[in-house]
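Have the viewer open as you read.

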Amino acid sequence: MATFIPPPSKRQRIAVADKAREQQDIESIPDHLGSIRVQFYDQATGKSSGAPVSIPVADATVKNLELLLNTLQRNDTSERIPYRFSYRSETSGSNLNNTLDISHDLYHSLLKSGLKTTEDSISLQYTPQAVFRVRAVSRCASSIPGHGEAILATSFSPSSSSRLVTGSGDNTARVFDCDTGTPMHTLKDHTSWVLVVSWSPDDSTIATGSMDNTIRLWDPETGKTLGTALKGHTKWVNGLAWEPYHLQTQGRARLASSSKDATVRIWDVVSKRIESVLSGHKGSVSCVRWGGTGRIYTSSQDKTVKVWDASKGTLIHTLSSHAHWVNHLALSTDFVLRTAYHDHTADIPPTEEGKIAKAKERFEKAATIDNQVVERLVTASDDFTIYLWDPSTSTKPLARLMGHQKQVNHVTFSPDGLYIASAGFDNHVKLWNARDGKFITTLRGHVGAVYMTCFSPDSRLLVSGSKDCTLKVWDVRTGKLKEDLPGHKDEVYAVDWSPDGGKVASGGKDKAVRIWRH
C-alpha cells in the first residue's frame, strides 16, 4: 500500500512560512560588526583547545568554526572531524538547561538576541560528530519469507550487518544471512510467541523471551539451543537486557529479563540459575535496561520507573511522575552498551583484557559530560508524555516532553546521545534535544500509528516503521523526509539499523523480513 501524504493543515502552512522567513533572516549577517573573540572547550573534558581566536562576525558560521577548530587541533585536511557547537552561560554552573546550541552562526544565536556583544569573549563547547557517514537506505535488497506469523522483534548482530535475528508469533526465532538474503537457522524450542530477541554484546549468544514464560539461549553459528530453558517467570517475558561487557565477570555473563508477572530476574547465563529477583512493581514490567554504571532500569504498567543496584539486587529509586502506563524506556548509552568493543573500524582487540578496556573506553567517552559520567534516561507513556531523567542525581525529571496527541509507544536516544526520537499512536515521530528535553521538530508523513524508530550509527538519519505499511528515513538535521520505503503488505512492527550502518531490517504483520540498503 503506497502512502499518500495528506494536504498540509493551516497550522503546518503557517509553520512552513515562518521557517522560510527564518531562513531568509539567517542568510543575512550584517558585515559592519567587526570581530569577536572565541575560545573552544571540549564538552567532555572541559579542556580548552588553545588561546582565544578573533573571528569576523560575518564569517562566524558553524562551517567556518568547524574548519577553524580542525586547524587549531592540527587535523589533516583528509581527516577533518565534524563538530557540533554549544554555548553555556557562565552563570549557569553545571545546569545543562542553560546551554544553547549554535545552529547556524554566532550572530543569530548569541549577538542578535543580546546574550553576547562583540566586546565579549565567547566560550564555545564542542562535541565531535561521527567521523564516518551512513548513507540513507533507499531500496529493498531482499524480502525473505519463512515465518508463519507476524514478526514481533528484530535485531542485528552487534559486530556487523551480515547477521540478523527475528522473533515471531509462529513460536520461532530465525537467524538470517543478510548478505545473501537467506535464512540460516530456525530456533524452534519455544511453545508460544517469541516477543523479544537480544544479542549478547560479544556477539556469541542470542537470547529469546517468549509468551511461554521462558527465556532460551542459542548459539548463532549452529542455531542450537544452549542448555535448558531459563524458567522462573510465571507470565510472559517481554524484555531482555545483557550485562554491559565492561562490567561482566570474565566468562560469567548475566542477563536481566522483565515480565508481565511484575518481576525482573537476573540470570547467570552459564549456570542457568536465577541470581536475584527484583520485585516491587505492582504491574507488568514493560521494559528493562542494564546501564553501564551497574544499575538496572525498569518501567512498568504501575506508572513507575525503578532504578536498581545490579550487584546487590536492591532498589535505589522509584521515579513516579507518569500518570499512566510506562510503555518504554531508553538510555543515552544504549548504542555503545549494545556494541561493546565493536565499532565502525571493525578493529577487534585480540585479548580479553583489550576487549574489556575498549568497551569501557567507548562507554565512558559516550557518557562523559564535563568530566562526569552521565547516563540519561528517557521514558514514554500512555499519558501522551515523555520524561527525561538523570537518575544518578535526582528522582525528579529534568524535563517533561509534551506534544504527542496520543499514546507514546517508543523512545530512543541517538548513538551520540544528543537527540531523542519518540514514536506515537498520533502518526507522528518527534525529535527532542537530549540535553534539556526541548522540542526540535515533528516528522510528518506517516498516516498510521508509528510503532518504532531507530537511528543510524552516525546519528544523522532516523528510520521509522508504521501501521501504514511503510518505513520512512528522515534527515535528523533538517527534519525532512529522505526516503519513503513502501513494500510491506501490512503493518511494520519491528525495525533495526545495523550497528555498522550498512543495512536496515524490518518485519511485521505480513510475515516477511525485508532487508534495505542504499
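Which residues does the UniProt annotation "repeat: WD" cover? According to that unreviewed entry, they are 144–186, 187–228, 230–277, 278–318, 401–442, 443–484 and 485–518. UniProt positions follow the numbering used here, feature names are shortened, and annotations may be inferred rather than shown by experiment.

This is a predicted model: local features need pLDDT of at least 70, side-chain atom pairs count only at pLDDT 80 or more, and totals for chains, interfaces and linings use all residues. Residues are numbered from 1 along each chain as its sequence is written, and side-chain values use heavy atoms, leaving out hydrogens and water.

A nonpolar core is a set of buried (under 20% relative accessible area, 1.4 Å probe, protein chains only) Ala, Val, Leu, Ile, Met, Phe, Trp, Tyr and Cys residues joined through side-chain atoms within 4.5 Å. The largest has 22 residues, and Phe40, Phe85, Ile102, Leu106 and Leu124 touch the most other members. Helix 3 contributes the most, four residues; helices (H or I, at least four residues) and strands (E, at least two) are DSSP runs, numbered from the N terminus.

A second, separate core of 14 residues includes Val134, Ala136, Leu461 and Leu485.

## An enclosed strand

Why is strand 12 (residues 206–210) described as largely enclosed by the rest of the structure? Five of its five residues are buried. Ile206, Thr208 and Ser210 point one way, while Ala207 and Gly209 point the other.

Strand 12 runs antiparallel to strand 11 (residues 194–199), joined by five bridges, with Val194 partnering Ser210. Strand 12 also pairs (at least two DSSP bridges) with strand 13 (residues 215–218), antiparallel over four bridges; here Thr208 stands opposite Arg216.

Notes: Buried < 20%, exposed > 50% of the residue type's maximum accessible area, 1.4 Å probe, protein only.
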